[in-house]
Amino acid sequence: MNNNNKLMGFLVRNRIAGVFAILVAVVVIGTLYSHDNNFIRIANLKNLGTFGPEFGIVAIGVGLLMIAGEFDLSVGSVLAFCSLVFTWTNELSINPFIGLLITLAAGVMTGLINGVITVKGKIVSFITTLGAMMFWRGLTLMLSRGEMQAIHLDSYPLFTHLFTGEWFGFLPAQAVWFLLLVIILTLVLHSQRFGNWIFSTGDNALAARAMAINTDMVKTTTFIIVGVLTAFAAVLQTIRLSAFSSRVGSGWELSAIAAAVVGGTALRGGIGNMIGIFLGALIIIVIENALVLARLPYEWTFMVFGVVILFSLLLDLFIEKRVQRASAI
Amino acid sequence: MSMNSGNSDVLLRLEGIHKWFGKVHALQGVDFEVKKGEVVGLVGDNGAGKSTLIKVISGYHRANEGKIFWEDNEVKISSPKDSRALGVETLYQEQALAPHLSIARNVFMGREPSSRLGFMDKKTMNTESMEALASIGLHLRSPDVMVSTLSGGERQGVAIARAIHFEAKLVILDEPTIALSVKEVQEVLDFVRELKGKGISVIFIAHNLYHVYSVADRIVVIAHGQELVNMQTKDTSVDYISKIIVRGTLGEEI
């Protein structure tokens, strides 16, 4: 039994190490295949640090929800919708800080809707959020008539600096926000009792309910977290682009799931690690960027994602097999 | 088959419990009691009403008629919360533990000791979960072990230790020995003896009469929603009980 515990702990820690190894591998490959090793240069890394976190913030929310046993396919569309909401507040000359709060509230609303329909309607979240994905995208297209809209934040330098500026002369604000949110979610998931409720709900909802955990509330709250994070990412992105585009977020829902899976999250729920999801998100970000720098067609992205996902699922299987053998000793 | 009423060593008493599911009369005026520190074996064939009776006690179903007394006070059990508040812990097979969570996280599931901000006191969780296991004779190395790596018997032990730790007065075990190896069955039966040793009452449901016999003080047979037999284990035999269960009614050989 003692050997088993040590091996288990070792392998769990190694799963994170395994994800980190994949990240390093992808960075190295990306560097070698980029013209003049551009990938690893400061300019590119800074660039990654500005737009990468937008996806990363969405991905950590999606991963958290997967641990609770649910999926959210609507994040890409909610991103677009929230971007439109923020753009409107800007058009109406509302103070952008207030605009941010209004947009976050919109994110809460989308998450609440997803959560309530899933738990009360007892509809599989995959289906609920598939519908939501189409609804919010459709609504956004309809309300914006598919047109891009510019935003103007010149009179709010503090706002733009706080969210998209460079801190201490070199650190992109978005990267700081991303890291801050990763730290918060890591604490919530692994050190707070709500996190234990998330794990319990995802691993064995019957047991969780038998222990008086309100699994409906846990799931709905987690959907809301996804909504808020997506809204925040939408604001960051809209400020950076200085515009609303109805096509943003396209494909993000699948990439976010990929990030979570590569980071060690089980598709059936109950298993996952926030640091792993964070690293998984970095891997996705790096892959996309590396493909651009290697001047490869965008279509290659999905193929490469596929390879990386399969590899990490095989890694998971390998670890599980090792554990089984250990307990037979 | 008499009942002692107004007796201070009776923990739980059900009087005249009826339960209908539509037209199905699942419980037909059942009287049932459990004394403090007593192990009651509840047996009967499938569909007899054992599960329904247990669900009434644990609050999943509300009785249509009848009274429930806890420590001689009449109570209403309308939900699992009510039942748990009285000190009843029910352990169903599939509901007990989260396989990929550690022992500590499982033992404290839903009742994690936390600071006001919600941060779990992991140190307490670790030490107390190990203590709870040790108190029923289960000595495992670490509270961080995933429970799926434990044997079936050990897993039952964790679930039982959890019930004790939260000061259950009555533990209901629904088929705790199913699918367990011979050694694991003995482990579970030992845990039941430990429970009894601590003065905790147990309702033990099983199809395997030999398992029930080795730990129960009293045997109750339920058939067609009625109590057929209520005898001290020492006054009856596996043979007699199984005949009654198969027949579904009392025969000539009382």
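**Figure 1. Confidence along chain B of this predicted model.** Chain B has a mean pLDDT of 88, and 95% of its residues reach 70 or more. Within chain B, confidence is highest in helix 3 (residues 103–107), at a mean of 96, and lowest in helix 8 (residues 238–247), at 86. Take care at residues 1–6 of chain B, where pLDDT stays under 50 and the model has five contacts beyond four places in sequence. Where pLDDT is low, the predicted coordinates should not be read in detail. For the model, the scores are ipTM 0.88 and pTM 0.87.

**Figure 2. The contact between chain A and chain B.** Here 25 residues from chain A meet 24 residues from chain B. On the chain B side, you will find 10 nonpolar, seven polar and seven charged residues.

**Figure 3. The largest nonpolar core.** This core holds 167 residues, and those touching the most other members are A:Val58, A:Ile60, A:Ile283, B:Val171 and B:Phe204. Helix 10 of chain A (residues 215–241) gives the largest share, 14 residues. Zoom in on A:Ile283 and, leaving aside residues up to four places away in sequence, you can pick out its contacts: A:Ile22, A:Leu23, A:Val26, A:Ala259, A:Val262 and A:Val308.

**Figure 4. Positive phi at A:Asp36 and A:Asn37.** A:Asp36 sits in the loop between helix 1 (2–33) and helix 2 (42–67) of chain A, and A:Asn37 is found in the loop between those helices too. Most residues other than glycine have a negative phi. Phi is near 65 degrees at A:Asp36 and near 55 degrees at A:Asn37. A:Asp36 counts as exposed because it has 7 C-beta neighbours inside 10 Å, while A:Asn37, with 13 other C-beta atoms within 10 Å, is partly exposed.

Methods: Residues are numbered from 1 along each chain as its sequence is written. Chains are lettered from A and ligands numbered from 1 in the order in which they are written. This is a predicted model: local features need pLDDT of at least 70, side-chain atom pairs count only at pLDDT 80 or more; totals for chains, interfaces and linings use all residues. A nonpolar core is a set of buried Ala, Val, Leu, Ile, Met, Phe, Trp, Tyr and Cys residues joined through C-beta atoms within 7 Å. A residue is buried if 20 or more other C-beta atoms lie within 10 Å of its own, exposed if 12 or fewer, and partly exposed in between; C-beta atoms are placed from the backbone. Helices (H or I, at least four residues) and strands (E, at least two) are DSSP runs, numbered from the N terminus. Two residues are in contact if their C-beta atoms, placed from the backbone, lie within 7 Å. Ala, Val, Leu, Ile, Met, Phe, Trp, Tyr, Cys and Pro count as nonpolar, Asp, Glu, Lys and Arg as charged, and the others, Gly among them, as polar. pLDDT is the predictor's confidence in each residue, from 0 to 100.
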